[in-house]
Amino acid sequence: MPELPEIETFRRRFLRGDDDTPPLVGRSVVGVDLLWEKTLASPSPEEFEARIVGQSIDDIGRRGKYLLFHLSSDTLTIHLRMSGDLRVEADAAPVATHHRLLLNLDGGIRLAFNDTRKFGRVWLLADTATLLGKLGPEPLDDSFTPDLFSTRLQPRRRQIKPLLLDQRFLAGMGNIYTDEALHLTGLHPQTRASSLTWEQAACLWESIRQVLQEGIRRNGASIDWVYRGGEFQNYFQVYQRTGEPCYRCGTSIERIIVGQRSTHFCPQCQPKPG
DNA sequence: CACGAGACCTGTTCGC
DNA sequence: TGCGAACAGGTCTCGT
């Protein structure tokens, strides 16, 4: 799941707190329990524990799909990949199935990293530049303009969908929001990026921002049992709607594979070019 | 550079 | 009912 809106939802929840989650800023790390070694990308488990204990959470940020806990002297960087989840719970709570890393905080709570498929990764970094430096623009930043987007699209010959999923091209888009943005624009997912007119690029720019903002407003999308609270799944136009009628024209939504990813689109509203 | 295959993992759903 | 195949929100590496 976790794409930009879901990560942003975590960030806001941990910053402000909500009904069952207290704000995390200001709390310090008092202990660590690494339950699945590969979850920790760097440094070594020994160094991780020695360095992180005693640091406090000063702020919480996000870059693309990376969640950034800015600590006293390091940045705890987390990528949830396919099945990662973050839960704030009592530090005496039983350790749930698929918990991979526990960070005990002061005040009797802990931040638990739960990840069924074990793809998620955690880094403790003094400098995030190496890890984050190759990411493309932030789609919701003011600096991301239609002109910038169009200019970046122009030299690329790739199919538009895999290009939008390429985090070096644009940071934060995943399979759901890409399918939704292309449908909103009326672009076939296999359209060549370089073939887009400025107007089409500007329309896609608008659609990308619209679906991401809508996703954030709905607290992300909850599929299956993960990510309580998200509502955006109730507003999907094409994602996981194979065979169901397009809300705009009534044509059956189709599912094809593009760049090895499941892709949903309306063949009427998003005609294949050429 | 663009693209596809395979890897990394576990769990659920689908088809026969 | 059972069992294997297909599929899942992501990204990396390798070969062509």
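**Rings and a DNA strand in a predicted model**

Guide: Tyr177, Phe232, Phe236 and Tyr239 are linked into a cluster by ring pairs. The model is predicted, with local features needing pLDDT of at least 70, side-chain atom pairs 80 or more, and totals for chains, interfaces and linings using all residues. Residues are numbered from 1 along each chain, chains are lettered from A and ligands numbered from 1 in the order written, and side-chain values use heavy atoms, without hydrogens and water.

Visitor: Why is the pair of Phe236 and Tyr239 called edge-to-face?

Guide: Rings of Phe, Tyr and Trp (its six-membered ring) pair if their centres lie within 6.5 Å, and planes under 30 degrees apart are stacked, over 60 edge-to-face, the rest tilted. The centres of Phe236 and Tyr239 are 5.4 Å apart and the planes are at 85 degrees, so the pair is edge-to-face.

Visitor: What makes Lys118 a charge over the ring of Trp36?

Guide: The rule asks for NZ of Lys or CZ of Arg within 6 Å of the ring centre and within 35 degrees of the ring normal. Lys118 lies over the face of Trp36, at 3.4 Å from the ring centre.

Visitor: Which residues are closest to DNA strand B?

Guide: Lys38, His98, Lys118, Arg192 and Gln260 are the closest of the 13 residues that surround DNA strand B; near means a heavy atom within 4 Å.

Visitor: How do you know that Lys38 makes a polar contact with DNA strand B?

Guide: A polar contact is a pair of N or O atoms within 3.5 Å. A side-chain N or O atom of Lys38 is 2.3 Å from a phosphate oxygen of DNA strand B.

Conventions:
A polar contact is a pair of N or O atoms within 3.5 Å; within protein, one must be able to donate a hydrogen and the other to accept it, and residues adjacent in sequence count only if both atoms are side-chain atoms.
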